[in-house]
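Subject: Structure for your files

Dear colleague,

Please find the structure below. My notes on it follow.

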Amino acid sequence: MERRTIGAAALEVGAIGLGCMPMSWAYTASQRNGERSLRAVHTALDAGASLLDTADMYGPFTNELLVGRALKERRADAFVSTKCGLLVGEQHIVANGRPGYVKRACDASLRRLQTDVIDLYQLHRADPEVPIEETWGAMAELVAAGKVRALGLCAVGARAQRRAGARMHDATVRQLERVQQVFPVSCVEAELSVWSPEALEALVPWCASRGVGFLAAMPLGNGFLSGTLTPGQGFEPEDMRARHPRFTAEMMAANQPIVAGLRRVARRHGETVTAAQVALAWLLAQGPHVVPVPGTKRERWAAENAAAADVMLTAGDLAEIATLPPARGSWD
(Lines give C-alpha, C1' and ligand atoms only; values in the text may rest on other atoms or scores of the structure.)
Protein backbone atom coordinates (compact mmCIF):
# COMPACT_ATOMS: atom_id res chain seq x y z
CA MET A 1 0.00 0.00 0.00
CA GLU A 2 1.06 3.58 -0.65
CA ARG A 3 2.60 5.22 2.42
CA ARG A 4 1.72 8.73 3.51
CA THR A 5 3.65 11.10 5.74
CA ILE A 6 1.82 13.08 8.41
CA GLY A 7 2.99 15.82 10.70
CA ALA A 8 6.23 17.61 11.40
CA ALA A 9 7.63 14.40 12.89
CA ALA A 10 7.33 12.79 9.41
CA LEU A 11 5.32 9.83 10.67
CA GLU A 12 4.69 7.22 7.96
CA VAL A 13 1.44 5.30 7.74
CA GLY A 14 -0.48 3.33 5.15
CA ALA A 15 -2.64 5.55 2.96
CA ILE A 16 -5.76 3.95 4.47
CA GLY A 17 -6.10 3.15 8.14
CA LEU A 18 -8.49 1.11 10.26
CA GLY A 19 -11.04 2.63 12.62
CA CYS A 20 -11.44 0.19 15.51
CA MET A 21 -14.39 1.84 17.28
CA PRO A 22 -17.14 -0.37 15.73
CA MET A 23 -15.51 -3.43 17.27
CA SER A 24 -16.51 -2.26 20.76
CA TRP A 25 -18.68 0.85 20.63
CA ALA A 26 -21.54 2.73 18.97
CA TYR A 27 -22.59 0.14 16.37
CA THR A 28 -24.67 -3.10 16.40
CA ALA A 29 -23.71 -4.60 19.76
CA SER A 30 -25.19 -7.98 18.83
CA GLN A 31 -22.60 -8.40 16.07
CA ARG A 32 -19.52 -7.72 18.18
CA ASN A 33 -17.08 -10.59 18.36
CA GLY A 34 -13.59 -10.17 19.75
CA GLU A 35 -11.94 -12.95 17.80
CA ARG A 36 -13.52 -11.87 14.52
CA SER A 37 -12.48 -8.28 15.19
CA LEU A 38 -8.90 -9.40 15.81
CA ARG A 39 -8.92 -11.13 12.44
CA ALA A 40 -10.08 -7.86 10.88
CA VAL A 41 -7.13 -6.04 12.48
CA HIS A 42 -4.67 -8.63 11.17
CA THR A 43 -6.25 -8.44 7.71
CA ALA A 44 -5.79 -4.67 7.67
CA LEU A 45 -2.17 -4.91 8.84
CA ASP A 46 -1.43 -7.61 6.24
CA ALA A 47 -2.71 -5.21 3.55
CA GLY A 48 -0.54 -2.34 4.77
CA ALA A 49 -3.30 -0.43 6.55
CA SER A 50 -0.98 0.24 9.47
CA LEU A 51 -2.82 3.03 11.32
CA LEU A 52 -5.09 1.60 14.02
CA ASP A 53 -7.38 4.29 15.43
CA THR A 54 -8.89 3.75 18.88
CA ALA A 55 -9.68 5.70 22.08
CA ASP A 56 -9.94 5.03 25.79
CA MET A 57 -13.65 5.94 25.77
CA TYR A 58 -14.58 3.23 23.23
CA GLY A 59 -16.12 0.54 25.36
CA PRO A 60 -15.05 2.31 27.53
CA PHE A 61 -11.56 0.79 27.63
CA THR A 62 -12.44 -2.51 25.92
CA ASN A 63 -11.43 -1.29 22.46
CA GLU A 64 -7.90 -0.48 23.61
CA LEU A 65 -7.71 -3.91 25.26
CA LEU A 66 -8.71 -5.53 21.98
CA VAL A 67 -6.20 -3.52 19.95
CA GLY A 68 -3.58 -4.36 22.57
CA ARG A 69 -4.01 -8.05 21.85
CA ALA A 70 -3.09 -7.40 18.22
CA LEU A 71 -0.22 -5.09 19.12
CA LYS A 72 1.30 -7.70 21.41
CA GLU A 73 1.91 -9.85 18.33
CA ARG A 74 2.50 -7.21 15.65
CA ARG A 75 3.65 -3.96 17.22
CA ALA A 76 6.25 -3.38 14.48
CA ASP A 77 3.55 -3.53 11.78
CA ALA A 78 1.19 -1.05 13.42
CA PHE A 79 0.92 2.69 13.96
CA VAL A 80 -1.32 3.16 16.98
CA SER A 81 -3.47 6.24 17.49
CA THR A 82 -5.52 6.61 20.64
CA LYS A 83 -7.32 9.45 22.39
CA CYS A 84 -7.97 10.90 25.81
CA GLY A 85 -10.12 13.64 27.30
CA LEU A 86 -13.61 12.12 27.45
CA LEU A 87 -15.12 10.19 30.35
CA VAL A 88 -18.11 7.91 29.82
CA GLY A 89 -20.78 7.78 32.53
CA GLU A 90 -24.07 5.92 32.79
CA GLN A 91 -26.04 8.43 30.73
CA HIS A 92 -23.53 11.05 29.73
CA ILE A 93 -20.06 11.83 28.40
CA VAL A 94 -17.99 14.61 29.94
CA ALA A 95 -14.64 16.17 29.04
CA ASN A 96 -11.65 16.04 31.38
CA GLY A 97 -8.57 17.98 30.35
CA ARG A 98 -6.87 18.34 33.70
CA PRO A 99 -3.12 17.74 33.29
CA GLY A 100 -2.92 15.13 36.03
CA TYR A 101 -5.79 13.19 34.54
CA VAL A 102 -4.28 13.29 31.04
CA LYS A 103 -1.03 11.77 32.32
CA ARG A 104 -2.84 9.02 34.22
CA ALA A 105 -5.01 8.30 31.18
CA CYS A 106 -1.92 7.90 29.01
CA ASP A 107 -0.35 5.42 31.43
CA ALA A 108 -3.58 3.43 31.51
CA SER A 109 -3.79 3.38 27.70
CA LEU A 110 -0.20 2.17 27.45
CA ARG A 111 -1.05 -0.74 29.75
CA ARG A 112 -4.19 -1.69 27.86
CA LEU A 113 -2.46 -1.40 24.49
CA GLN A 114 0.49 -3.49 25.72
CA THR A 115 3.01 -1.07 24.26
CA ASP A 116 5.77 1.22 25.50
CA VAL A 117 4.84 4.13 23.28
CA ILE A 118 1.74 5.57 21.58
CA ASP A 119 2.48 6.77 18.06
CA LEU A 120 -0.25 9.43 17.98
CA TYR A 121 -1.99 10.67 21.13
CA GLN A 122 -5.05 12.77 20.41
CA LEU A 123 -7.17 15.08 22.52
CA HIS A 124 -10.69 13.85 21.94
CA ARG A 125 -12.37 17.05 23.16
CA ALA A 126 -11.18 20.13 25.02
CA ASP A 127 -12.42 20.56 28.58
CA PRO A 128 -14.34 23.86 28.84
CA GLU A 129 -13.19 24.14 32.46
CA VAL A 130 -9.46 23.86 31.64
CA PRO A 131 -7.49 26.14 29.28
CA ILE A 132 -6.59 23.96 26.32
CA GLU A 133 -2.99 25.15 26.56
CA GLU A 134 -2.72 23.42 29.96
CA THR A 135 -4.06 20.16 28.61
CA TRP A 136 -1.82 20.33 25.55
CA GLY A 137 1.19 21.15 27.72
CA ALA A 138 0.61 17.98 29.73
CA MET A 139 0.39 16.00 26.50
CA ALA A 140 3.65 17.59 25.32
CA GLU A 141 5.29 16.37 28.52
CA LEU A 142 4.27 12.84 27.54
CA VAL A 143 6.24 13.28 24.30
CA ALA A 144 9.26 14.49 26.27
CA ALA A 145 8.93 11.44 28.54
CA GLY A 146 9.03 9.08 25.54
CA LYS A 147 5.51 7.76 26.13
CA VAL A 148 4.05 9.42 23.03
CA ARG A 149 5.58 10.16 19.62
CA ALA A 150 3.23 12.87 18.33
CA LEU A 151 0.08 14.80 19.26
CA GLY A 152 -3.21 15.25 17.48
CA LEU A 153 -6.52 17.03 18.00
CA CYS A 154 -10.03 15.83 17.18
CA ALA A 155 -12.42 18.37 15.71
CA VAL A 156 -15.24 19.93 17.68
CA GLY A 157 -18.63 18.46 16.75
CA ALA A 158 -19.56 20.07 13.46
CA ARG A 159 -23.31 19.62 13.25
CA ALA A 160 -24.02 21.48 16.48
CA GLN A 161 -22.19 24.46 15.03
CA ARG A 162 -24.17 24.16 11.84
CA ARG A 163 -27.42 24.58 13.73
CA ALA A 164 -25.99 27.65 15.43
CA GLY A 165 -25.19 29.17 12.05
CA ALA A 166 -21.40 29.17 12.45
CA ARG A 167 -18.95 27.69 9.98
CA MET A 168 -18.38 24.03 10.70
CA HIS A 169 -14.84 24.05 12.01
CA ASP A 170 -14.22 27.59 13.18
CA ALA A 171 -13.91 26.48 16.81
CA THR A 172 -11.46 23.72 15.92
CA VAL A 173 -9.25 26.09 13.92
CA ARG A 174 -9.17 28.46 16.88
CA GLN A 175 -8.12 25.60 19.15
CA LEU A 176 -5.43 24.53 16.73
CA GLU A 177 -3.98 28.02 16.55
CA ARG A 178 -3.78 28.09 20.33
CA VAL A 179 -2.18 24.69 20.92
CA GLN A 180 0.24 25.15 18.02
CA GLN A 181 1.89 27.85 20.15
CA VAL A 182 2.58 25.26 22.88
CA PHE A 183 3.69 22.18 20.92
CA PRO A 184 3.39 21.17 17.24
CA VAL A 185 0.19 19.54 16.05
CA SER A 186 0.99 16.48 13.97
CA CYS A 187 -2.52 15.44 13.03
CA VAL A 188 -6.17 16.51 13.07
CA GLU A 189 -9.04 14.05 13.01
CA ALA A 190 -12.48 15.06 11.79
CA GLU A 191 -15.42 13.69 9.87
CA LEU A 192 -14.89 13.90 6.12
CA SER A 193 -16.65 12.00 3.36
CA VAL A 194 -18.51 12.44 0.09
CA TRP A 195 -21.69 13.18 2.03
CA SER A 196 -20.00 15.25 4.77
CA PRO A 197 -17.40 17.38 2.93
CA GLU A 198 -17.46 20.40 5.27
CA ALA A 199 -13.89 19.90 6.52
CA LEU A 200 -12.67 20.77 3.01
CA GLU A 201 -13.73 24.39 3.56
CA ALA A 202 -11.10 25.36 6.13
CA LEU A 203 -9.79 22.44 8.17
CA VAL A 204 -8.14 20.34 5.45
CA PRO A 205 -6.46 23.43 3.90
CA TRP A 206 -5.26 24.52 7.36
CA CYS A 207 -3.55 21.16 7.76
CA ALA A 208 -2.09 21.18 4.25
CA SER A 209 -0.54 24.61 4.68
CA ARG A 210 1.22 23.56 7.89
CA GLY A 211 2.34 20.04 7.07
CA VAL A 212 -0.23 18.56 9.46
CA GLY A 213 -1.82 15.20 8.73
CA PHE A 214 -5.59 14.82 8.44
CA LEU A 215 -7.38 11.66 9.54
CA ALA A 216 -10.74 11.40 7.81
CA ALA A 217 -13.16 9.92 10.33
CA MET A 218 -16.42 8.30 9.22
CA PRO A 219 -15.18 8.25 5.60
CA LEU A 220 -18.01 5.95 4.54
CA GLY A 221 -20.76 8.00 6.15
CA ASN A 222 -21.36 5.56 9.02
CA GLY A 223 -21.69 2.79 6.45
CA PHE A 224 -24.21 4.53 4.19
CA LEU A 225 -21.76 5.15 1.34
CA SER A 226 -20.96 1.45 1.15
CA GLY A 227 -24.39 0.87 -0.37
CA THR A 228 -24.99 -2.10 1.92
CA LEU A 229 -27.72 -0.48 4.05
CA THR A 230 -31.41 -0.61 3.19
CA PRO A 231 -33.78 2.29 3.90
CA GLY A 232 -36.04 1.39 6.79
CA GLN A 233 -33.94 -1.55 7.95
CA GLY A 234 -33.78 -0.20 11.50
CA PHE A 235 -30.89 -0.14 13.95
CA GLU A 236 -30.32 -1.51 17.42
CA PRO A 237 -31.15 1.00 20.19
CA GLU A 238 -27.51 1.69 21.15
CA ASP A 239 -26.40 2.04 17.53
CA MET A 240 -25.56 5.70 16.93
CA ARG A 241 -27.44 5.58 13.62
CA ALA A 242 -30.72 4.94 15.43
CA ARG A 243 -30.67 8.63 16.43
CA HIS A 244 -28.84 10.06 13.40
CA PRO A 245 -30.93 12.47 11.29
CA ARG A 246 -29.63 10.96 8.05
CA PHE A 247 -30.65 7.42 8.97
CA THR A 248 -34.40 7.71 9.17
CA ALA A 249 -36.07 5.58 6.51
CA GLU A 250 -37.13 8.72 4.64
CA MET A 251 -33.67 10.27 4.57
CA MET A 252 -31.92 7.01 3.67
CA ALA A 253 -34.22 6.74 0.67
CA ALA A 254 -33.70 10.41 -0.24
CA ASN A 255 -29.90 10.02 -0.18
CA GLN A 256 -29.74 6.96 -2.43
CA PRO A 257 -28.67 9.07 -5.47
CA ILE A 258 -25.32 9.65 -3.73
CA VAL A 259 -24.65 5.91 -3.55
CA ALA A 260 -25.91 5.44 -7.11
CA GLY A 261 -23.40 8.03 -8.30
CA LEU A 262 -20.53 6.30 -6.52
CA ARG A 263 -21.58 3.00 -8.10
CA ARG A 264 -21.55 4.56 -11.57
CA VAL A 265 -17.96 5.67 -11.05
CA ALA A 266 -17.04 2.26 -9.61
CA ARG A 267 -18.31 0.41 -12.66
CA ARG A 268 -15.86 2.32 -14.86
CA HIS A 269 -12.98 0.95 -12.79
CA GLY A 270 -13.90 -2.72 -12.99
CA GLU A 271 -16.48 -5.24 -11.88
CA THR A 272 -14.92 -5.75 -8.47
CA VAL A 273 -14.63 -2.06 -7.53
CA THR A 274 -17.29 -0.94 -5.04
CA ALA A 275 -19.01 2.29 -4.09
CA ALA A 276 -17.15 2.22 -0.77
CA GLN A 277 -13.80 2.01 -2.51
CA VAL A 278 -14.67 4.99 -4.71
CA ALA A 279 -15.67 6.97 -1.60
CA LEU A 280 -12.30 6.19 -0.01
CA ALA A 281 -10.38 6.93 -3.22
CA TRP A 282 -12.13 10.32 -3.35
CA LEU A 283 -10.68 11.09 0.07
CA LEU A 284 -7.18 10.07 -0.99
CA ALA A 285 -7.49 12.50 -3.90
CA GLN A 286 -8.10 15.42 -1.51
CA GLY A 287 -4.42 15.70 -0.66
CA PRO A 288 -1.35 13.60 0.18
CA HIS A 289 -1.80 14.43 3.87
CA VAL A 290 -5.30 12.89 4.04
CA VAL A 291 -5.62 9.37 5.51
CA PRO A 292 -9.12 7.89 5.71
CA VAL A 293 -9.79 5.60 8.66
CA PRO A 294 -12.85 3.52 7.78
CA GLY A 295 -14.20 1.56 10.73
CA THR A 296 -15.18 -2.09 10.60
CA LYS A 297 -15.22 -5.24 12.67
CA ARG A 298 -15.16 -7.70 9.77
CA GLU A 299 -12.28 -9.11 7.73
CA ARG A 300 -14.17 -8.77 4.46
CA TRP A 301 -14.65 -5.03 4.79
CA ALA A 302 -11.14 -4.48 6.16
CA ALA A 303 -9.70 -6.09 3.02
CA GLU A 304 -12.04 -4.20 0.69
CA ASN A 305 -11.31 -0.88 2.34
CA ALA A 306 -7.55 -1.40 2.16
CA ALA A 307 -7.80 -2.27 -1.54
CA ALA A 308 -9.32 1.17 -2.20
CA ALA A 309 -5.77 2.53 -2.15
CA ASP A 310 -5.34 0.98 -5.60
CA VAL A 311 -8.34 2.81 -7.11
CA MET A 312 -7.09 5.85 -9.00
CA LEU A 313 -9.89 8.27 -9.82
CA THR A 314 -9.65 10.41 -12.93
CA ALA A 315 -10.37 14.11 -13.17
CA GLY A 316 -13.66 13.15 -14.80
CA ASP A 317 -14.54 10.87 -11.89
CA LEU A 318 -13.86 13.63 -9.38
CA ALA A 319 -15.90 16.11 -11.40
CA GLU A 320 -18.83 13.68 -11.50
CA ILE A 321 -18.67 13.09 -7.75
CA ALA A 322 -18.64 16.86 -7.23
CA THR A 323 -22.04 17.07 -8.96
CA LEU A 324 -23.73 14.55 -6.65
CA PRO A 325 -26.57 16.03 -4.60
CA PRO A 326 -25.75 17.11 -1.03
CA ALA A 327 -26.83 14.74 1.70
CA ARG A 328 -30.13 15.41 3.42
CA GLY A 329 -31.00 14.89 7.06
CA SER A 330 -34.19 15.17 9.04
CA TRP A 331 -33.17 18.71 10.11
CA ASP A 332 -33.29 19.89 6.45
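Contact here means heavy atoms within 4.5 Å. Among contacts in the protein between residues at least 6 apart in sequence, 75% join residues at least 24 apart.

This is a predicted model, in which local features need pLDDT of at least 70 and side-chain atom pairs count only at pLDDT 80 or more, while totals for chains, interfaces and linings use all residues. Residues are numbered from 1 along each chain as its sequence is written, and side-chain values use heavy atoms, with hydrogens and water left out.

Overall fold

The protein has 12 helices and 12 strands; these are DSSP runs numbered from the N terminus, helices being H or I with at least four residues and strands E with at least two. Its radius of gyration, taken over C-alpha atoms, is 19 Å, close to the 20 Å that the globule rule (2.2 Å times the number of residues to the power 0.38) gives for 332 residues, so the protein is as compact as a globular protein of that length. The C-alpha trace spans about 50 × 45 × 40 Å along its principal axes. Of the 332 residues, 56% are buried, where buried means under 20% relative accessible area, exposed over 50% and partly exposed in between, with a 1.4 Å probe and protein chains only.

Helix H12 and its partners

In H12 (residues 315–322), the buried residues are Asp-317, Glu-320 and Ile-321. Seen down the helix axis, they fall within an arc of 100 degrees, so they line one face of H12; the arc is that of the directions from the axis to the C-beta atoms. Ala-315 and Ala-322 are exposed on the face turned away from that buried side. The buried residues of H12 pack against H9 (256–268) and H10 (275–284).

The axes of H9 and H10 come within 8 Å and cross at roughly 90 degrees. Axes are lines fitted to C-alpha atoms, for helices over the stretch in contact, and angles run from 0 to 180 degrees between N-to-C directions. H9 is therefore roughly perpendicular to H10, a term that covers 65 to 115 degrees. On the H9 side, Val-259, Leu-262, Arg-263, Val-265 and Ala-266 meet Ala-275, Val-278 and Ala-279 of H10.

Met-312

Met-312 sits in the loop between H11 (299–307) and H12. Met-312 is exposed, at 57% relative accessible area. Leaving aside neighbours within four places in sequence, Met-312 is in contact with His-269 and Asp-317. Ala-285 is 27 residues from Met-312 in sequence and 8.4 Å away in space, C-alpha to C-alpha.

Regards

Definitions and conventions. Parallel < 35°, antiparallel > 145°, perpendicular 65-115°, else oblique.
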